[in-house]
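I opened this model to look up helix packing and charged pairs. My notes follow the order in which I checked things.

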Amino acid sequence: MRATRPLALAAVGTLALSACGGGESVDTGGGGGGGEDTLVAAVSAQPDQLDPHVTTAYASFQVLENVYDTLVVPDPEDLTMQPSLATEWETSEDGLEWRFTLRDGVTFHDGSEFDSADVVYSYNRIIDEELSNSFRFQNVESVEADGADTVVITLSQPTPNLLERIGSFKGMAILPENAAEDLDLTTEANGTGPFQLESSDASSTVLTAYEDYWDGAPSVDGVEFRYITEPAAALTALQNGEVQWTDNVPPQRIESLGGDDSVQLETTPSVDYWYMSMNYDRPPFDNRDVRRAISFALDREEIAEAAWFGAAEPNQTAIPEDSFFHLDYSPFERDPEQARQLLQQAGVTTPLTMGLMVTDEYPETVTAAQVIASQLDEVGIDVQIEQLDFATWLDRQGAGEYDAFYLGWLGNLDPAAYYQEQHQTDGPNNYQGYSNPQVDELLQQGATETDDDARKEIYDQAATIIVDDVSYLYLYNPDVVQAWAPGLSGYQIRADKAINFENVELP
Amino acid sequence: MVVLAGVSVIVFALVHLVPGDPVRLALGTRFSQETYDTLRERSGLDLPLVQQFFTWLGGAVTGDLGVSFRSGDTVTALIAERLPATLTLAFASILVALLIAIPLGTISALRPRSIIDRFATVVSQFGISVPDFWMAIVLILVFAGTLGWLPSGGYVPLGEDPLGWLQRLVMPAVVTGTVSGAVITRFVRSSVLEAIGADHVRTAQAKGLPARQVFTWHVLRNALLPLVTVTGVQLAYLLSGVVVVEIVFSWPGLGQLALQSVQARDYPVLQGAILLFAVVFLIINLVVDLLYTAIDPRIRR
């Protein structure tokens with residue numbers, strides 16, 4: 001699903017530097033902003049707009065990550081929440097009041113001072129106007145200033161993942177007070193981040209360094225995000241020095257580029273996960289044995305290979321291996337015999353026909369669905385692949401007109417985001433219709449438990465039941481794949497796919 | 001005008017008939033019901049369809065095509081931003097197409113079943129049947145990759161950087177021009193062949209006119225009529241955006257905009273773009289008709 005942020009077809013490239021050196025060979029012309037020392041990054045799509053509180057597009061957040069700040073930010077290494085515009089925070093005994101101390105000496109790009117009024121304005125804008133991220137404030141009673149450098153958030157129930165809710169991405173950006181009245185935020189920006197918006201058109205978005213950035217001016221003079229949709233073209237642009245960075249490389253090239261030292265190719269497991277989900281309103285998919293049979297019939301390794309040419313980690317739960325909340329649990333090894341037995345036990349007569357809805361928005365799922373179909377064919381399930389455009393796909397999902405679908409959730413950090421909405425009885429994203437009182441209770445406990453270890457214990461229990469019941473049939477976590485010019489330094493690839501050029505230095 | 005009014009009704013109906021919910025697409029998957037309702041109301045999508053139509057039509061008459069759901073920009077601004085790139089590519093492609101089609105078509109008509117004719121047939125078959133996607137990728141890999149002569153894609157306005165403009169235009173224009181040229185070549189060949197066989201040409205030859213004069217005045221001029229028609233059709237097609245080529249070469253034209261709006265079910269942009277294509281088609285038809293009368297005196301009567 002186009003979860004918190006839609007997926008960029010991450011793939012990565014290499015640099016082959018044919019003929020020429022670093023960036024001079026071909027006249028790169030184009031956007032031209034910044035200065036001599038401008039990093040050109042090839043991204044796969046144009047931002048749909050630049051209002052951080054309104055957009056949900058990954059292409060927009062690639063740019064906005066570098067323009068705006070949030071109170072707290074994920075650590076690039078382990079994604080735990082670290083200070084940013086807030087330097088410290090404390091929670092009241094009952095967990096219902098959070099006091100954030102704000103950083104001193106922060107200015108917006110127009111030179112105005114940052115203070116608590118800006119935070120109150122930004123959060124209340126999201127809440128009052130019911131903007132896309134207002135659900136992140138669902139437990140928030142009020143956001144108030146206590147002097148110029150303190151903000152108090154009052155909650156209706158303890159919310160251990162509040163920091164993740166307000167800091168996981170730039171959709172929760174802090175705008176200057178009255179920004180929506182003073183600016184056209186869809187095309188203009190005034191943030192506190194390391195770069196300021198210079199221009200944005202149908203070819204590229206250009207940022208220039210903000211010299212007064214609170215964490216020190218960026219190393220480069222600017223960044224130009226150039227939109228190159230076709231991965232082969234992006235890779236070529238990187239190889240001939242037109243761009244110095246890209247996240248858009250043909251997946252089938254990942255392996256061969258790995259050993260190519262004229263290109264810096266890096267991968268890291270992402271926090272995204274892809275899964276299959278079956279519709280409980282359409283028998284026999286309401287039958288646990290049938291779902292378990294399907295789970296036993298699949299070889300996740302092969303599916304991941306088909307989708308991402310090996311740049312994905314098979315996983316039978318949602319949370320990837322590198323996360324603190326990862327649960328090492330894989331009860332389903334491919335076993336067609338057992339699958340057939342379970343189907344028989346469920347009284348299903350084979351061949352059983354199952355529609356599998358995929359969308360060309362994520363072309364790799366279309367390829368992988370064919371592998372799923374051939375694996376299920378062996379146990380007597382006839383899979384009818386239905387390839388739809390995303391708008392139609394969402395319509396049918398919403399109306400419950402499907403047997404099964406195959407999609408992903410992107411950009412999750414907290415276990416509540418991984419499990420709650422999808423598996424709680426009548427949860428907002430529980431399209432399949434799963435209901436298990438035991439899971440409901442665990443998810444409720446997890447949402448308010450403030451001790452990390454106790455929380456992990458709770459979510460481990462919930463995940464085990466969810467996996468056993470096959471509420472979702474988890475498949476894999478894809479890798480983040482990015483490539484840049486050899487010698488480019490100060491850039492760090494991140495599991496949450498945030499792209500931050502604050503410290504980048506050109507070769 | 002009557003045509004345009006009809007087109008606008010059909011456009012509006014078609015766009016709204018397509019399944020898909022722009023609000024859900026704009027919000028992604030995590031949102032509250034309140035957020036959904038608010039955005040739907042803000043976009044005017046909660047109003048009855050007939051009312052939405054007349055609001056849109058009222059604006060369209062005065063040149064206000066509404067605001068994009070997706071970007072928050074006005075539709076006219078979005079289209080205006082992309083129009084120069086589309087016009088550039090369309091006219092450059094037609095130029096390439098005619099440069100291929102006229103010589104190739106004429107020569108193969110003058111020497112039917114010769115080696116050149118066979119060659120022309122092969123070339124035009126190639127142009128029609130080879131996917132433009134494939135041709136575009138091959139050009140990029142060879143000229144931007146291996147040889148490093150040209151940038152891999154993008155667009156710069158002519159006024160900003162003439163050399164960069166030309167460098168970036170060459171490959172997309174060659175790809176679309178080859179496809180159009182292949183189509184036009186066949187028309188040129190058949191219409192020249194037809195003209196050569198006409199009675200008045202034989203008369204002219206019988207009178208002993210020099211071959212060159214016969215060809216220029218009696219053959220070519222008559223063969224021009226179908227050429228103008230097919231060129232007009234090709235131009236209209238190119239002006240409505242060549243999606244695949246635009247995407248592969250990162251060319252910021254109307255085709256990309258139309259595709260993005262279809263995917264996002266961005267009704268205002270989609271309606272604006274289709275309306276524009278209809279207008280373009282009407283204008284080209286008009287120009288073709290005017291050219292007819294200029295070329296063929298019989299039509300004037």
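**Salt bridges**

I started with Arg340(A) and Glu337(A), whose side chains form a salt bridge at 3.1 Å, N to O. A salt bridge here is a side-chain nitrogen of Lys or Arg within 4 Å of a carboxyl oxygen of Asp or Glu. I note that this is a predicted model, in which local features need pLDDT of at least 70 and side-chain atom pairs count only at pLDDT 80 or more, while totals for chains, interfaces and linings use all residues. Residues are numbered from 1 along each chain as its sequence is written, chains are lettered from A and ligands numbered from 1 in the order in which they are written, and side-chain values use heavy atoms, with hydrogens and water left out.

Arg340(A) and Glu337(A) are three residues apart in helix α9 (residues 336-345) of chain A, so about one helical turn separates them. Helices (H or I, at least four residues) and strands (E, at least two) are DSSP runs, numbered from the N terminus. I then looked up accessibility: buried means under 20% relative accessible area, exposed over 50%, and partly exposed in between (1.4 Å probe, protein chains only). Arg340(A) is partly exposed at 36%, and Glu337(A) is partly exposed at 48%.

Next I took Arg455(A), which forms a salt bridge with Asp414(A), with the closest N and O atoms 2.9 Å apart. Arg455(A) sits in helix α14 (residues 452-469) of chain A and Asp414(A) in the loop between β17 (404-409) and α12 (415-423) of chain A, so the pair ties together parts 41 residues apart in sequence. Arg455(A) is buried at 2%, and Asp414(A) is buried at 7%.

I also noted a network in which salt bridges with shared partners join Glu97(A), Arg99(A) and Asp146(A).

**Glu90(A)**

I found Glu90(A) in strand β4 (residues 86-91) of chain A. Glu90(A) is exposed, at 52% relative accessible area. Leaving aside neighbours within four places in sequence, Glu90(A) is in contact (heavy atoms within 4.5 Å) with Glu97(A), Trp98(A) and Arg99(A).

**Helix packing**

Axes are lines fitted to C-alpha atoms, for helices over the stretch in contact, and angles run from 0 to 180 degrees between N-to-C directions. Angles under 35 degrees count as roughly parallel, over 145 as roughly antiparallel, 65 to 115 as roughly perpendicular and the rest as oblique. Residues of α8(A) in the contact include Ile303(A) and Trp308(A), and those of α10(A) include Val371(A) and Ile372(A).

In chain B, the axes of helix α12 (residues 254-264) and helix α13 (residues 267-295) come within 9 Å and cross at roughly 140°. I therefore put α12(B) and α13(B) down as oblique to each other.
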